[in-house]
Amino acid sequence: MSQIDRTREHLIETYRKKAKHYDITSRFYPVPGYPQRAQRLRAVQALGLRPGDTVVDIACGTGLNFPLIEQVIGPDGRIVGVDLTDAMLAQAQDRIETNDWRNINLVQADAADFDFPTEVGAILSTYALSQVPECAEVIAHGAGALSGGGRWVVLDLKVPANTPRWLAQLGTAIVRPFTSIDEWIMRRPWEAIRAAMRAELADLSWTELFFGTAFLAVGTVTVSGCDAPH
(Lines give C-alpha, C1' and ligand atoms only; values in the text may rest on other atoms or scores of the structure.)
Protein backbone atom coordinates (compact mmCIF):
# COMPACT_ATOMS: atom_id res chain seq x y z
CA MET A 1 0.00 0.00 0.00
CA SER A 2 1.35 3.43 -0.97
CA GLN A 3 1.77 6.33 1.45
CA ILE A 4 -1.20 8.07 -0.18
CA ASP A 5 -3.38 4.99 0.27
CA ARG A 6 -2.33 4.70 3.91
CA THR A 7 -3.17 8.36 4.46
CA ARG A 8 -6.57 7.88 2.84
CA GLU A 9 -7.41 4.82 4.94
CA HIS A 10 -6.32 6.60 8.12
CA LEU A 11 -8.53 9.59 7.33
CA ILE A 12 -11.55 7.39 6.66
CA GLU A 13 -11.11 5.48 9.90
CA THR A 14 -10.53 8.66 11.92
CA TYR A 15 -13.56 10.47 10.58
CA ARG A 16 -15.78 7.42 10.96
CA LYS A 17 -15.00 7.50 14.67
CA LYS A 18 -15.59 11.25 14.91
CA ALA A 19 -18.63 11.62 12.64
CA LYS A 20 -21.42 11.17 15.19
CA HIS A 21 -20.17 13.94 17.48
CA TYR A 22 -18.29 16.00 14.89
CA ASP A 23 -20.64 18.99 14.97
CA ILE A 24 -20.04 19.37 18.71
CA THR A 25 -16.32 18.63 18.79
CA SER A 26 -15.65 20.90 15.80
CA ARG A 27 -16.58 23.87 17.98
CA PHE A 28 -13.33 23.28 19.82
CA TYR A 29 -11.29 22.87 16.62
CA PRO A 30 -8.46 23.57 16.34
CA VAL A 31 -8.55 24.88 19.92
CA PRO A 32 -11.37 26.12 22.18
CA GLY A 33 -12.36 29.65 21.27
CA TYR A 34 -10.94 29.48 17.75
CA PRO A 35 -13.14 31.63 15.43
CA GLN A 36 -13.98 28.75 13.11
CA ARG A 37 -17.54 29.76 12.31
CA ALA A 38 -16.53 33.35 11.58
CA GLN A 39 -13.84 32.06 9.24
CA ARG A 40 -16.31 29.74 7.50
CA LEU A 41 -18.68 32.65 7.00
CA ARG A 42 -15.86 34.74 5.57
CA ALA A 43 -14.98 31.93 3.16
CA VAL A 44 -18.56 31.60 1.93
CA GLN A 45 -18.80 35.37 1.48
CA ALA A 46 -15.59 35.24 -0.58
CA LEU A 47 -17.34 32.94 -3.07
CA GLY A 48 -19.36 35.93 -4.30
CA LEU A 49 -22.48 33.80 -4.67
CA ARG A 50 -25.79 34.81 -6.16
CA PRO A 51 -29.23 33.19 -6.01
CA GLY A 52 -29.35 30.15 -8.26
CA ASP A 53 -25.60 29.42 -8.26
CA THR A 54 -24.10 25.94 -8.14
CA VAL A 55 -21.47 25.31 -5.47
CA VAL A 56 -19.22 22.29 -4.95
CA ASP A 57 -18.21 21.82 -1.31
CA ILE A 58 -15.08 19.64 -1.31
CA ALA A 59 -14.62 17.53 1.84
CA CYS A 60 -17.97 18.84 3.06
CA GLY A 61 -17.98 16.64 6.17
CA THR A 62 -21.28 16.88 8.03
CA GLY A 63 -22.37 19.90 6.00
CA LEU A 64 -21.43 22.71 8.36
CA ASN A 65 -21.09 25.06 5.36
CA PHE A 66 -24.48 24.17 3.91
CA PRO A 67 -26.63 26.65 5.91
CA LEU A 68 -24.28 29.52 5.08
CA ILE A 69 -24.39 28.68 1.37
CA GLU A 70 -28.14 28.05 1.30
CA GLN A 71 -28.82 31.50 2.70
CA VAL A 72 -27.33 32.99 -0.46
CA ILE A 73 -28.12 30.61 -3.33
CA GLY A 74 -31.69 29.88 -2.26
CA PRO A 75 -33.86 26.97 -3.45
CA ASP A 76 -32.98 27.59 -7.10
CA GLY A 77 -29.29 27.06 -6.42
CA ARG A 78 -27.51 23.76 -6.02
CA ILE A 79 -24.88 22.31 -3.69
CA VAL A 80 -22.77 19.26 -4.45
CA GLY A 81 -21.22 17.99 -1.24
CA VAL A 82 -18.22 15.69 -1.68
CA ASP A 83 -16.58 13.72 1.10
CA LEU A 84 -14.38 10.66 1.49
CA THR A 85 -16.13 9.18 4.52
CA ASP A 86 -19.52 7.49 4.51
CA ALA A 87 -20.20 8.26 8.16
CA MET A 88 -19.64 11.99 7.66
CA LEU A 89 -21.97 11.99 4.66
CA ALA A 90 -24.61 10.19 6.74
CA GLN A 91 -24.52 13.10 9.19
CA ALA A 92 -24.71 15.53 6.27
CA GLN A 93 -27.77 13.69 4.97
CA ASP A 94 -29.43 14.03 8.38
CA ARG A 95 -28.77 17.77 8.23
CA ILE A 96 -30.29 17.97 4.77
CA GLU A 97 -33.43 16.10 5.83
CA THR A 98 -33.80 18.12 9.03
CA ASN A 99 -33.76 21.35 7.02
CA ASP A 100 -35.80 19.91 4.15
CA TRP A 101 -33.28 21.07 1.58
CA ARG A 102 -34.10 19.71 -1.88
CA ASN A 103 -31.14 21.11 -3.78
CA ILE A 104 -28.16 19.26 -2.28
CA ASN A 105 -26.53 16.17 -3.76
CA LEU A 106 -23.96 14.19 -1.77
CA VAL A 107 -21.13 12.27 -3.40
CA GLN A 108 -18.77 9.87 -1.64
CA ALA A 109 -15.41 10.29 -3.33
CA ASP A 110 -11.78 11.10 -2.74
CA ALA A 111 -11.24 14.76 -3.59
CA ALA A 112 -8.37 13.74 -5.87
CA ASP A 113 -10.62 11.40 -7.86
CA PHE A 114 -13.77 13.50 -7.94
CA ASP A 115 -15.08 14.29 -11.42
CA PHE A 116 -16.18 17.91 -11.11
CA PRO A 117 -19.38 18.81 -12.95
CA THR A 118 -18.90 21.38 -15.70
CA GLU A 119 -19.85 25.03 -15.51
CA VAL A 120 -19.74 25.22 -11.72
CA GLY A 121 -20.16 28.69 -10.28
CA ALA A 122 -18.01 28.21 -7.19
CA ILE A 123 -15.90 25.65 -5.32
CA LEU A 124 -15.22 25.70 -1.59
CA SER A 125 -13.04 23.68 0.76
CA THR A 126 -12.75 24.44 4.47
CA TYR A 127 -10.24 22.93 6.91
CA ALA A 128 -9.68 19.84 4.76
CA LEU A 129 -7.71 20.28 1.55
CA SER A 130 -4.34 20.43 3.29
CA GLN A 131 -4.90 16.83 4.38
CA VAL A 132 -5.13 15.67 0.76
CA PRO A 133 -1.67 14.76 -0.60
CA GLU A 134 -2.79 15.62 -4.13
CA CYS A 135 -4.19 19.03 -3.10
CA ALA A 136 -2.57 20.82 -6.05
CA GLU A 137 -4.23 18.40 -8.48
CA VAL A 138 -7.60 19.01 -6.83
CA ILE A 139 -7.15 22.75 -7.36
CA ALA A 140 -6.33 22.18 -11.04
CA HIS A 141 -9.26 19.84 -11.64
CA GLY A 142 -11.66 22.25 -9.98
CA ALA A 143 -10.34 25.25 -11.89
CA GLY A 144 -11.01 23.40 -15.12
CA ALA A 145 -14.67 22.94 -14.17
CA LEU A 146 -15.42 26.52 -13.12
CA SER A 147 -17.40 28.75 -15.41
CA GLY A 148 -16.05 32.16 -16.38
CA GLY A 149 -15.90 34.36 -13.33
CA GLY A 150 -16.29 31.39 -10.99
CA ARG A 151 -14.31 31.32 -7.75
CA TRP A 152 -12.24 28.70 -5.95
CA VAL A 153 -12.03 29.40 -2.22
CA VAL A 154 -9.86 27.48 0.25
CA LEU A 155 -9.89 28.04 4.00
CA ASP A 156 -7.38 25.91 5.84
CA LEU A 157 -4.77 25.70 8.58
CA LYS A 158 -1.06 26.37 8.22
CA VAL A 159 2.08 26.83 10.27
CA PRO A 160 2.79 30.52 10.99
CA ALA A 161 5.86 31.88 9.20
CA ASN A 162 9.14 32.15 11.11
CA THR A 163 7.93 29.82 13.81
CA PRO A 164 10.48 27.68 15.71
CA ARG A 165 10.07 23.99 14.93
CA TRP A 166 9.14 23.09 18.50
CA LEU A 167 6.44 25.75 18.61
CA ALA A 168 5.12 24.72 15.19
CA GLN A 169 4.79 21.15 16.42
CA LEU A 170 3.01 22.30 19.55
CA GLY A 171 0.69 24.58 17.63
CA THR A 172 -0.17 21.94 15.05
CA ALA A 173 -0.85 19.18 17.57
CA ILE A 174 -4.46 19.59 16.47
CA VAL A 175 -3.74 17.69 13.27
CA ARG A 176 -2.25 14.71 15.11
CA PRO A 177 -5.43 12.59 14.88
CA PHE A 178 -5.54 13.07 11.13
CA THR A 179 -1.97 12.85 9.89
CA SER A 180 1.65 12.86 10.98
CA ILE A 181 2.60 16.31 12.20
CA ASP A 182 6.14 15.92 10.91
CA GLU A 183 4.84 14.80 7.53
CA TRP A 184 2.32 17.67 7.41
CA ILE A 185 4.94 20.29 8.30
CA MET A 186 7.46 18.81 5.89
CA ARG A 187 4.92 18.66 3.06
CA ARG A 188 3.75 22.24 3.70
CA PRO A 189 0.49 21.75 1.78
CA TRP A 190 -0.53 25.39 2.11
CA GLU A 191 2.38 26.29 -0.15
CA ALA A 192 1.30 23.71 -2.74
CA ILE A 193 -2.25 25.07 -2.61
CA ARG A 194 -1.04 28.64 -3.06
CA ALA A 195 1.21 27.72 -5.99
CA ALA A 196 -1.54 25.72 -7.71
CA MET A 197 -4.09 28.51 -7.32
CA ARG A 198 -1.60 31.03 -8.66
CA ALA A 199 -0.95 28.80 -11.68
CA GLU A 200 -4.55 27.87 -12.43
CA LEU A 201 -6.55 30.96 -11.47
CA ALA A 202 -6.50 34.72 -11.83
CA ASP A 203 -6.57 37.47 -9.22
CA LEU A 204 -5.33 35.26 -6.40
CA SER A 205 -6.05 36.73 -2.99
CA TRP A 206 -4.19 35.24 -0.02
CA THR A 207 -5.09 36.34 3.50
CA GLU A 208 -3.52 34.94 6.64
CA LEU A 209 -5.90 34.63 9.58
CA PHE A 210 -5.57 34.38 13.35
CA PHE A 211 -1.85 35.08 13.69
CA GLY A 212 -0.95 33.06 10.61
CA THR A 213 -2.50 29.80 11.85
CA ALA A 214 -4.95 29.75 8.94
CA PHE A 215 -5.30 31.18 5.46
CA LEU A 216 -8.09 32.20 3.12
CA ALA A 217 -7.20 31.82 -0.56
CA VAL A 218 -9.49 33.08 -3.32
CA GLY A 219 -8.92 32.65 -7.05
CA THR A 220 -11.11 33.41 -10.05
CA VAL A 221 -11.45 31.89 -13.50
CA THR A 222 -10.96 34.58 -16.12
CA VAL A 223 -14.10 35.51 -18.04
CA SER A 224 -13.53 34.75 -21.71
CA GLY A 225 -14.95 36.82 -24.52
CA CYS A 226 -17.85 34.47 -25.06
CA ASP A 227 -18.69 34.47 -21.33
CA ALA A 228 -18.48 38.21 -20.84
CA PRO A 229 -21.74 40.16 -20.56
CA HIS A 230 -22.81 42.11 -23.64
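Residues are described here as buried when their relative accessible area is under 20%, as exposed when it is over 50%, and as partly exposed in between (1.4 Å probe, protein chains only). The model is a predicted one, in which local features need pLDDT of at least 70 and side-chain atom pairs count only at pLDDT 80 or more, whereas totals for chains, interfaces and linings use all residues. Residues are numbered from 1 along each chain as its sequence is written, and side-chain values use heavy atoms, with hydrogens and water left out.

The strands are considered first. Helices (H or I, at least four residues) and strands (E, at least two) are DSSP runs numbered from the N terminus, and two strands are taken to pair if DSSP finds at least two bridges between them. On this basis, seven strands form an open sheet in the order E3-E2-E1-E4-E5-E7-E6, with mixed pairing. Its edges are strand E3 (104-108) and strand E6, each of which pairs on one side only. Neighbouring strands of the sheet are turned by 15° against each other on average, direction ignored, where axes are lines fitted to C-alpha atoms (for helices over the stretch in contact) and angles run from 0 to 180 degrees between N-to-C directions. In general, strands of a sheet pair through backbone hydrogen bonds, either parallel or antiparallel.

Both senses of pairing can be followed in individual strands. Strand E2 (residues 78-83) runs parallel to E3 and is joined to it by five bridges, with Ile104 of E3 as the bridge partner of Ile79. E5 and E7, by contrast, pair in the antiparallel sense over seven bridges, and Ala214 of E7 is the bridge partner of Leu157. E6 and E7 are likewise antiparallel, over six bridges, with Val218 in E7 as the bridge partner of Ser205. These two strands, E6 and E7, form a hairpin with four residues between them, and Phe210 in the turn has a positive phi of about 45°.

Strand E7 (residues 214-220) is largely enclosed by the rest of the structure, because seven of its seven residues are buried. Both of its faces are covered, with Ala214, Leu216, Val218 and Thr220 buried on one side and Phe215, Ala217 and Gly219 buried on the other. Helix H6 (residues 135-145) lies across strand E4 (120-126) and strand E5 (146-157), running at about 155° to E5.

A nonpolar core is a set of buried Ala, Val, Leu, Ile, Met, Phe, Trp, Tyr and Cys residues joined through side-chain atoms within 4.5 Å. The largest such core has 61 residues, and those with the most contacts inside it are Val56, Leu129 and Trp152; E5 gives the most to this core, with six residues. In soluble globular proteins, nonpolar side chains tend to be buried together. With contact meaning heavy atoms within 4.5 Å, and leaving aside neighbours within four places in sequence, Val56 is in contact with Val80, Val82, Phe114, Phe116, Pro117, Val120, Ala122, Ile123 and Leu124.

Aromatic rings of Phe, Tyr and Trp (its six-membered ring) are said to pair if their centres lie within 6.5 Å, with planes under 30 degrees apart counted as stacked, over 60 as edge-to-face and the rest as tilted. By this rule the count comes to five aromatic pairs. One of them joins Phe114 and Phe116, whose ring centres are 5.0 Å apart and whose planes stand at 70°, so the pair is edge-to-face. Phe114 counts as buried at 9% relative accessibility, and Phe116 is also buried, with a relative accessible area of 8%. The rings of Phe210 and Phe211 have their centres 5.2 Å apart and their planes at 65°, so this pair is edge-to-face. Here Phe210 is partly exposed at 38% relative accessible area, whereas Phe211 is exposed at 74%. Together with Tyr34, Phe210 and Phe211 form one aromatic cluster.

Asp83, in strand E2, is buried, with a relative accessible area of 8%. Leaving aside its neighbours within four places in sequence, Asp83 is in contact with residues including Ala59, Cys60, Met88 and Val107. Arg188 has a positive phi of about 45° although it is not a glycine; Arg188 is found in the loop between helix H8 (181-187) and helix H9 (189-200) and is partly exposed, with a relative accessible area of 30%. Asp203, in strand E6 (residues 202-209), likewise is not a glycine but has a positive phi of about 55°, and Asp203 is exposed at 67% relative accessible area.
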